[in-house]
Amino acid sequence: MRRMPPTARSGAASAGAAALPPAPRPTAEVPTVSARQLAADPRHVILSLGAGVQSTTLALMAARGEIERPEAAIFADTGWEPRAVYEHLAWLIAELDGSLPVHVVRKQHRDGAPANIRDDVLAVVRGARARAATPPV
């Protein structure tokens, strides 16, 4: 397992703390969903990935087979996350190595420019834009 980049680690953990050993692999098969089951039940399990502690833990647990694996994870990019969040997200996607597809969604303006929730709201306040970016869904 690769280590998180230093900028993405929590400041609460001490630098001298020993790394935890990898969790043991479960012996039971991880439940999967067949196409027939999906047709019978149209609900889907999707992980809302904010790249914080809880959603990262759920994604890694699913990849290790410790919990039922969602079909995918979605990161809704506001365009104004701290650099450490984007670094952590890149680390997590590499760590998952395709075992859990991660979809990054970004809002774009009609002219194709990427939306940035902070800049868009300030532009509305200044009167430079008619409306702000909505969530990237």
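In this predicted model, I46 counts as partly exposed, because its relative accessibility is 41%, a value that lies between the 20% under which a residue is called buried and the 50% over which a residue is called exposed. The residue belongs to strand β1, which runs over residues 46–48. When the neighbours of I46 within four places in sequence are set aside, the residues in contact with I46 are P70, E71, A72 and I74. One of these, A72, is 26 residues away from I46 in sequence, yet the two C-alpha atoms are separated by 5.2 Å in space.

Helix α2 comprises 12 residues, 53–64, and the distance from its first C-alpha to its last is 16 Å, which is close to the 16 Å expected at 1.5 Å a residue. Within this helix, the residues S55, T56, A59, L60, A62 and A63 are buried.

Strand β1 is the element in which I46 has its place. After the end of α2 comes G65, and the phi angle of this residue is positive, with a value near 85 degrees.

Definitions and conventions:
Residues numbered from 1 in each chain as written. Predicted model: local features only at pLDDT ≥ 70, side-chain atom pairs only at ≥ 80, totals over all residues. Heavy atoms only, no water. Helix = DSSP H or I, 4+ residues; strand = E, 2+ residues; numbered from the N terminus. Buried < 20%, exposed > 50% of the residue type's maximum accessible area, 1.4 Å probe, protein only. Contact = heavy atoms within 4.5 Å. Expected span 1.5 Å × (residues − 1).
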